[in-house]
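These are my notebook entries on one structure, kept in the order in which I looked things up. The model itself comes first.

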Amino acid sequence: MPKKKILGMPKPVFWPVMIAILAILAVGFLSGPIGVALFGDLGFPDWMKITTPKPELPAAELFSIGPVVITNTILTAWITILVLVGLSIAATRKMKLVPGRLQGALEMVLSWIYNMCVDAAGEKFGRKFFPLVATIFLFIIVNAWMNLLPGYNTIFIELGNGHEAHLLRGANTDINLPLALAAITFFMVEYWGIKTLGGFHYLSKFFNFKPLINAFRHKEGVIGIFNGFITIFVGLLEFFLEFVRIISLTFRLFGNMIGGEILILMITFLAPFIIGIPFYGLEMLVGFVQALVFCNLALVFSLIAVTPHGEENH
């Protein structure tokens, strides 16, 4: 007669596992500040107690290489680059017609991003935009997920001036990195627009004086002149919004990432151990969504830039 199972586990295994989970939950709650406030210090060892988190917006300066200051977020950005390069080399070092797990996983992710670009922008422009979109997506999501690994925001070092700082901190939580990604996106969008449409034609959608000139030349009256000024105003507004994109891209990514980091720090402080696990899952989802949103916006802005003026809405 087969043994009865609970949630896919045999009964003799299920109950010890549940007891262990409940015990860890109870210890985490009682050793945290909420448990201490309710029941007092029950004498748990120091290694079970989480120090009070001290979230800071500016990145901590760790050391300098000549005139270049290296912060903890620059260090983690370098680690992310090394991880991505290492994964790429490992997946493509011995490529096979029937791919292994790592090669297959990398091909699946890149194929998904490529198809997203082609579906949105067509074969010609999709292939052109793909390297930028894929790089942004992979860099943001790996940064976000690595920030959830043990060691991030938990290892402190002395800075020599009486202060201490995190050795590793998620690069996405430093406003300079989202700003750099937004600036790169802005530069590439403008470059593609000018290269595809030509400088004069591309800039004409921002500085379009032709309707006003025609209104005076053909004596179209007050309505024609008014429409000419409206066209100029709308063009200047679009030109201004090109730069606003940098701000919106920067603060969308920075705000969500710093908010998630503070949430994780506070949850693991208030109730250590297992209670924080669901929030780690939530932050993995947030990291994926933010990477997807950023790269999709970069894709849309690029497509708008290479679309001839007057065809954007068709």
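How many aromatic pairs does the structure hold? I found 12 aromatic pairs, where rings of Phe, Tyr and Trp (its six-membered ring) pair if their centres lie within 6.5 Å, with planes under 30 degrees apart called stacked, over 60 edge-to-face and the rest tilted.

Before going on, I noted that this is a predicted model, in which local features need pLDDT of at least 70 and side-chain atom pairs count only at pLDDT 80 or more, while totals for chains, interfaces and linings use all residues. Residues are numbered from 1 along each chain as its sequence is written, and side-chain values use heavy atoms, with hydrogens and water left out.

**Entry: aromatic rings**

I looked up F125 and F129, which form a stacked pair at 5.9 Å centre to centre with 15° between the planes. They are four residues apart in helix 4, so about one helical turn separates them; helices here are DSSP runs (H or I, at least four residues), numbered from the N terminus. F125 is buried at a relative accessible area of 15%, and F129 is buried at 0%, where buried means under 20% relative accessible area, exposed over 50% and partly exposed in between, with a 1.4 Å probe and protein chains only.

Next I took F206 and F239, whose ring centres are 5.6 Å apart with planes at 65°, so that this pair is edge-to-face. The pair links distant parts of the chain, since F206 lies in the loop between helix 6 and helix 7 (210-217) and F239 in helix 8, 33 residues apart. F206 counts as buried at 2% relative accessibility, whereas F239 counts as partly exposed at 30%. I also noted that ring pairs link F186, Y202, F206, F207, F239 and F243 into a cluster.

**Entry: helix 5**

Helix 5 (residues 176-197) has 22 residues and reaches 31 Å from its first C-alpha to its last, close to the 32 Å expected at 1.5 Å a residue, the expected span being 1.5 Å times one less than the number of residues. Its buried residues include L177, L181, T185, W192 and L197. The buried residues of helix 5 pack against helix 3 (72-92), helix 4 (101-146), helix 6 (199-203), helix 8 (221-270) and helix 9 (277-306), with contact taken as heavy atoms within 4.5 Å. Just after helix 5, G198 takes a positive phi of about 90°.

**Entry: cavity and pocket**

I then asked which residues line the largest cavity. They are A182, T185, F186, V189, E190, E242, R245, I246, L249 and F301. On a 1 Å grid over the protein atoms alone, a cavity is a set of points where a 1.4 Å probe fits but cannot get out, a pocket is an open set with protein on both sides within 12 Å along at least five of seven lines, and lining residues have an atom within 4 Å of a point. About 50 Å³ of space lies in the largest cavity, and helix 5 gives the most to its lining, with five residues.

The second largest pocket holds about 550 Å³ of space. Of the 20 residues that line this pocket, L84, L87, L106, V109 and L138 are the closest to its centre. The largest share of the lining of the second largest pocket, 12 residues, comes from helix 4.

Key:
Helices (H or I, at least four residues) and strands (E, at least two) are DSSP runs, numbered from the N terminus. Grid points are joined across faces, edges and corners, and a volume is the space filled by probe spheres set on the points.
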